Amino acid sequence: MTVCSSPGLSAAHEQEGPPPPPAADEDGGAARAGCAITVDGAYAARLTHSGGSWYPERWTLDGPEPYAVPLPGNQPEEPGTEVQPMGDGRVLVRRLVDGRHTFSLLYPTGPGTGELLLGAVESPEGTVLRLLPPAPGGERAYALAAGSRSSAVWLVAGGSFGPELLAEVTGHCSGGVWLDRTGRMLALDRRAGGRTKTVVVDLGDGGAVSPLLQITPGSDDRLLLADPDSGLLLIGSDAASPGRERLGWGVLGSTLPVRFPECLLPSNCAMTPFAIQPGQVLTPEHCAVALHCRGPFGSWIGVWRPSERGVRHLPAPEGWLAGAGLWTEDGVLRLPYATVAVPCGVARWTAPTAVREQTAVQEQAATRGQAAVREQAAVQEQTAVQEQVAVREHTAPEVARLPGPREARPAPGAARPAHGSTQVAQATQGAQAAVQEQGTQAAQTQRPPRTAPAPQAPRTPHDTPLTPPAAPPRVPLPLSLPLPSSTDEVPRPPHAQTPEAEPPAPAAARPVPLQQAALTGRMATG
């Protein structure tokens, strides 16, 4: 295999008819996508035709609306020409001319197309060369030249000069998946000893090769797709069912075995993964995977997650560039399509799980907001109640406490505590002595028996009843006045104008405070 610079160009024949179908892998694998998209999703490129002439076309996808820029060269392109977008908007073109693979960069220059020749790679008989998927960063482009006994990895764009040979791998290699975001670790499916196993080529270490995937010694194991953020790997292997390749998944660097879900083994169609949702760090089971499904009734799109047990089937948009698409970090699948009415369009579809998660987050936020409002209302209500209580306590007048029932009077002849003033007590004793000595008058009426009040509990200083002013001292009654009928009755002093006072009508007894006991009683007239 030799390298040539500034190769000559040969004339190409014009082709008529519809666009060519996606080219199949030289090893009989799945068909390649209808267009290539950069890792960041900013640009895409495809080979299209107009008026019977084939030419590259660049799509700009990172703007408000996608738009296409045709990049026709000096002559029409062959249907098998490969194109790949670069990170700066230029388009890499690989052409097969007289057994040599030439590489050029195309870019728009006003009404025309500019072309920068990069060089050519000659491959011996039986060697197949093709472009590898767009590398992370978009500054470099690589190609794989696969022979029957050995394979080579070439840097065809972004080097210091022309194509550069970076690594040689023993055995026939196919596939090509990037395992990191720097474009250093490249996974290839190598066939040796009658079995296919995936190996890793370290392009930053002189092309060192190390094994990556070997489920069983006798199985054919291929790496189909990988996500550097989560480490999710999509694997094709016949380890679970010898002789029939099944779609499985695993995690890079994990000790867990590869799993082969039953939902990824339909009997009436073939499934090929073409996009994995990025940005799901440490959660590979939550990554959404887009599948290109092909069956007897056409092709459609499947969406699956490792955490789910089923595949959601979706109709492909009209004019979809089959096998092309990419996920955004928030779970939106972007599918490029081209029709007569819309020559450059992108269909968007949001994964149902992403919608449910967003709805759940919104519901949780609303619930937290309602709880906060209720808590704030409760605090305000409690504060208002406290303020009302404080206002009532501050403005309420002092309420006088009513005195309790007076204590029972002692029996006649027993010692009686003094109440009121000394003069009142002496007058009472004199009246009692006069009754004992004279005995000339009898009580006209009998006072109803009086029940003793219940014992009163000790009072605190706050419970002390209001004491009325002390009564003025009374003079002793003369002996000529009528006497009281009992010891509880106190004679009333006569008026100064009349020698005798008119006796009042009998009155019912009423409870009074102890301080006024000497002033109560019922008079009896003779």
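**Buried residues, bridges and strands**

Visitor: Why is Asp221 called buried?

Guide: Asp221 has a relative accessible area of 0%. Buried means under 20%, exposed means over 50%, and partly exposed lies in between (1.4 Å probe, protein chains only). A value of 0% is under the limit, so Asp221 is buried.

Visitor: What are these values taken from?

Guide: This is a predicted model, in which local features need pLDDT of at least 70 and side-chain atom pairs count only at pLDDT 80 or more, while totals for chains, interfaces and linings use all residues. Residues are numbered from 1 along each chain as its sequence is written, and side-chain values use heavy atoms, with hydrogens and water left out.

Visitor: What makes Asp221 and Lys197 a salt bridge?

Guide: A salt bridge needs a side-chain nitrogen of Lys or Arg within 4 Å of a carboxyl oxygen of Asp or Glu. For Asp221 and Lys197 the N to O distance is 3.1 Å, so the pair qualifies. Asp221 is in strand β18 and Lys197 in strand β16 (residues 195–202), so the bridge ties together parts 24 residues apart in sequence. A strand here is a DSSP run of E with at least two residues, numbered from the N terminus. Lys197 is also buried, at 14% relative accessible area. Elsewhere, salt bridges with shared partners join Glu77, Arg95 and Glu115 into one network.

Visitor: How do you know that Glu115 and Arg95 meet in a salt bridge?

Guide: Their N to O distance is 3.1 Å, and that falls within the limit. Glu115 belongs to strand β9 (residues 112–122) and Arg95 to strand β7 (residues 91–97), 20 residues apart. Arg95 is buried at 7%, whereas Glu115 is partly exposed at 27%.

Visitor: How many salt bridges does the rule give?

Guide: The count comes to 12.

Visitor: What makes β4 and β5 a pair of strands?

Guide: Two strands pair if DSSP finds at least two bridges between them. Strand β4 (residues 53–60) and strand β5 (residues 67–70) run antiparallel and are joined by four bridges, so they pair. A hairpin of six residues links β4 to β5, and Thr60 stands opposite Tyr67 in β5.
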